[in-house]
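Have the structure open while you read.

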Amino acid sequence: MRFGGDAIIDIVCYRRHGHNEADEPGITQPVMYGKIKPHRTPRHIYAERLAEAGVVDAGEARNMIDAYRRQLDDGHVVAGQVIDPNKARLMVDWTPYLGTDWDDGTVTAVDAEALSRLARKLAETPEDFGVHPRVQKVLDERIRMARGETPMDWGCAELLAYATILEDGFDVRLSGQDAGRGTFAHRHVTLHDQSRARTHIPMQHLHDDEPGGEKNAKRRGNYLVINSFLSEEAVLGFEYGYATTEPRALVIWEAQFGDFVNGAQVVIDQFISSGQAKWERVCGLTLFLPHGMEGQGPEHSSARLERFLQLCAQDNMQVCVPTTPAQMFHMLRRQILRPLRRPLVVMTPKSLLRHKSAVSSPAELSGGKFHLVLGDTEAAADPGRISRLILCSGKVYYDLLAERRRREITDAAILRIEQLYPFPARDLADGMRNYPAATEVVWCQEEPQNQGAWYPTRHHLRAALKPGQKLRYVGREASPSPAVGYYKLHQIQQQRLVEQALTGITDH
């Protein structure tokens with residue numbers, strides 16, 4: 001840094017004791033260790049050099065060694081001051097986020113007028129900036145969505161969540177593979193000029209025209225979106241480190257497809273899931289993992305939900321599968337607003353991004369919250385007529401809903417579990433209590449039986465049963481592959497599991 005150039009230190013090293021101090025490396029490398037064994041240690045050589053230079057004599061060096069050894073034996077700290085007290089003010093204070101409760105009643109709703117104002121700001125571009133016509137249509141539509149003129153889709157609710165978080169004074173950092181546009185072109189947070197090689201991010205200019213200028217803008221959060229390169233382990237490892245040092249930032253990493261996270265499994269196993277238990281490192285990192293059986297084949301269907309659930313224990317992280325834009329909105333705001341920092345793993349949708357039924361209203365954003373369990377709003381008016389309860393999570397809900405409408409089934413109710421960990425036992429029990437006549441309870445999932453949420457959560461489901469109720473699994477059979485590779489077969493499987501869940505009929 002002083003001379004503005006690189007410094008190269010060439011160090012030739014050797015391992016005196018092999019793999020560990022109990023190992024005998026001479027068994028496999030006798031010639032090398034025949035030379036290492038009689039070689040004096042650096043401490044001996046350095047002490048002799050100091051004695052020759054008249055810095056210390058041999059007796060003084062021995063006394064220093066003995067004193068150091070006594071400190072170790074007595075359990076004293078020998079490393080000295082690790083943190084310079086003068087620089088302690090630069091360290092992050094995590095104390096406000098320690099010992100906090102999961103359920104603290106954090107308010108995530110936002111005033112409807114503020115939502116409409118922010119939607120307009122998110123659609124603004126410089127006068128000489130040419131937006132692609134298809135993208136401009138999306139921006140204009142979001143203004144109407146925020147006004148309640150048209151149903152609100154996923155992209156609109158997600159961006160409004162970021163904008164409101166910035167207004168609350170928190171930063172938002174989103175990195176991932178095609179994060180600016182969104183893998184499925186639903187986000188468009190980074191706009192591209194169609195006539196010149198330049199971009200514009202409206203999220204970074206929400207408060208440019210506020211009174212007070214730049215001084216006032218500093219009270220707002222900063223937004224950063226990064227299109228990262230295709231090295232999941234490197235990028236996710238960096239974002240984990242960033243999140244452990246910045247509690248006032250919503251740090252998000254998004255995989256292009258959910259199963260891309262396989263390339264960063266070591267970061268999940270060694271850090272994200274266990275960092276707090278091993279090192280007391282608090283972290284609020286959020287993972288967006290597109291997940292859903294869409295018939296695209298084995299490689300782009302599953303974010304391996306079961307692996308995350310198997311790593312869950314002692315409230316170490318959250319695993320959520322939101323099914324509405326409003327749920328996404330409140331979940332993201334809850335993640336940063338409540339004084340709790342735990343990793344959040346989100347099974348984000350693919351086809352639901354534009355599904356006609358997967359929509360919300362501004363009222364759900366301005367007057368709602370994140371629901372751990374979503375009840376059935378279309379079941380029979382008389383709960384006593386419900387004989388079958390279908391429990392599910394994620395996209396399969398909309399397949400069940402469409403088939404129930406088509407068949408005009410009135411004796412089956414569908415409950416969605418939106419947070420699979422920590423498992424919402426009380427909320428599920430309350431939801432099931434609304435249907436006292438239901439004797440059959442079905443867990444329906446579209447993932448194979450040995451994957452998905454069935455095995456990691458079935459003990460929670462059984463604990464919610466009332467006397468006389470039975471729990472049954474409905475879904476794909478166990479498979480070593482996340483999905484089949486033939487679209488027609490996928491459709492047959494999907495239709496079969498939906499019919500079985502709704503009717504109980506298993507013969508085909």
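Start with a trio: Phe184, Phe257 and Phe260 make up one aromatic cluster. Keep in mind that this is a predicted model, where local features need pLDDT of at least 70, side-chain atom pairs count only at pLDDT 80 or more, and totals for chains, interfaces and linings use all residues. Residues are numbered from 1 along each chain as its sequence is written, and side-chain values use heavy atoms, leaving out hydrogens and water.

How many aromatic pairs does a search of the whole structure find? It turns up 8. Rings of Phe, Tyr and Trp (its six-membered ring) pair if their centres lie within 6.5 Å; planes under 30 degrees apart count as stacked, over 60 as edge-to-face and the rest as tilted. Trp94 and Tyr97 are an edge-to-face pair, 5.8 Å centre to centre with 65° between the planes.

Trp454 and Tyr473 have ring centres 5.4 Å apart and planes at 45°, so this pair is tilted. It links distant parts of the chain, 19 residues apart: Trp454 is in helix 16 (residues 454-463) and Tyr473 in strand 14 (residues 470-476). Helices (H or I, at least four residues) and strands (E, at least two) are DSSP runs, numbered from the N terminus.

Here is how buried these residues are. Buried means under 20% relative accessible area, exposed over 50%, partly exposed in between (1.4 Å probe, protein chains only).

| Residue | Relative accessible area |
|---|---|
| Trp94 | 13%, buried |
| Tyr97 | 11%, buried |
| Trp454 | 4%, buried |
| Tyr473 | 16%, buried |
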